[in-house]
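Colleague: Could you walk me through this model? I have a few questions for you.

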Amino acid sequence: MKHEEANKEIGGRGAEGQRGRRAEKQRGKRVGGNSKIQNVQSPTPNPQPVVPNPQSPAPNLDDWLEIGKIVSPQGLSGELRVYPVSDFPERFEVPGKRWLLCSGDIEPQPIELLTGRYISNKNLYVIKLAGVENCDRAEALRGCKLMVPANDRPQLGEDEYHVLDLIGLEVFMQASGELVGTVVDIIPAGNDLLEVKLHPSFTTDKGQMTNDKGQKTVLIPFVEAIAPVVDLKSNRIEITPPPGLLEINN
C-alpha cells in the first residue's frame, strides 16, 4: 500500500495479497485531483546545502508534501540516509528536482536529487543530492525534510487511495449496517491501520464494541479481507472484522 501523510506521503512496498494503497496527506487544505509525477530537471543544481536560520518565522506548508526526513550522513562522500514517509519509491530513486525544508526555513529550497537506492532491511533510502559532496555538508542537513509540491500527486492504481480521501470516511459493519465511527487518521505499519473515532451509538450489545467504554478510537487493519468495501462517492468504508478485533485495541 502506498500513501502520503499530511504533508507526508505513505505508500508502498506492501505484502502480496493485501489491499494495495497509495495515499497522500497534506497539512492544511485539501488538494483535489491526481497527476502523474513529473520530476522537473533543474538547469543548474543548487551547489550549497540549505543552512538553517533559527530566526526565521514558521513556514506555511499548505502547498507542500513531506516525503522523507534526512536522518544521517552515509559514508564520507556526501550521501544521505533518508527515512521515508512516502511509499512511492520514485520519490527517492528517480533523479530530478526536490525541495529541502530545514529548521528555521520560511519555505522549502530547491535541490537536485542525483541518485537514490533503497535499503530494505533498514527501511531507509540512501540518496545523493547535488552540491552535497562530503560528510560535513551531509551532516549539516541532518533533520531536514525532503518535500514536493502538494499538487505533485502520483497516479493511483486500482485499490489505491490518497490518505486525504480516506480521512473523514464513515465506517460501517458490513453485515448489520451499524455505524462504527469515522476515520481520523492512517497509521503506517506492516498493514496500514485505519484509526477510527467511535460513534456513540456503537455499543456493546452487538458483541463488537471494545469493553473500555472510555476508549474513543480503534485501529482497524486496512486490508481487503477486513475492509472489503471502500466507496469514496458514498463516503463510506464497510468492514468485516473477525471476532474480538475491536477488543484487541484495549
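Colleague: Happy to have it in view. Is cysteine 102 buried or exposed?

Modeller: A word on the source: this is a predicted model, where local features need pLDDT of at least 70, side-chain atom pairs count only at pLDDT 80 or more, and totals for chains, interfaces and linings use all residues. Residues are numbered from 1 along each chain as its sequence is written, and side-chain values use heavy atoms, with hydrogens and water left out. Buried means under 20% relative accessible area, exposed over 50% and partly exposed in between (1.4 Å probe, protein chains only). Cysteine 102 has a relative accessible area of 5%, so the residue counts as buried.

Colleague: Thanks! Which cysteine forms a disulfide with cysteine 102?

Modeller: A disulfide is a pair of cysteine sulfur atoms within 2.5 Å, and the structure holds one. The sulfur atom of cysteine 102 lies 1.9 Å from that of its partner.

Colleague: Where in the chain do cysteine 102 and cysteine 144 sit, and how many residues apart are they?

Modeller: Helices (H or I, at least four residues) and strands (E, at least two) are DSSP runs, numbered from the N terminus. Cysteine 102 is in the loop between β6 and β7 (109–119), while cysteine 144 is in the loop between α2 (135–140) and β9. The pair links distant parts of the chain, 42 residues apart.

Colleague: What is the handedness of the disulfide between cysteine 102 and cysteine 144?

Modeller: The torsion about the S-S bond decides that here, and its value is about 110°. The disulfide is therefore right-handed.

Colleague: Nice. Which residue in β9 is the bridge partner of tryptophan 99?

Modeller: Two strands pair if DSSP finds at least two bridges between them. Strand β6 (residues 96–101) runs antiparallel to β9, joined by three bridges, and five bridges join β9 (residues 145–149) to the antiparallel strand β4 (residues 64–74). For tryptophan 99, the partner in β9 is methionine 147.

Colleague: And which residues touch the most other members of the largest nonpolar core?

Modeller: A nonpolar core is a set of buried Ala, Val, Leu, Ile, Met, Phe, Trp, Tyr and Cys residues joined through side-chain atoms within 4.5 Å. The largest one has 24 residues, and the elements giving two or more of them include β12 (193–198) and β13 (217–221). A second, separate core has 20 residues, among them Phe92 and Leu113. In the largest core, the residues you asked for are Val171, Val180, Leu194, Val196, Ile220, Ile237 and Ile239.
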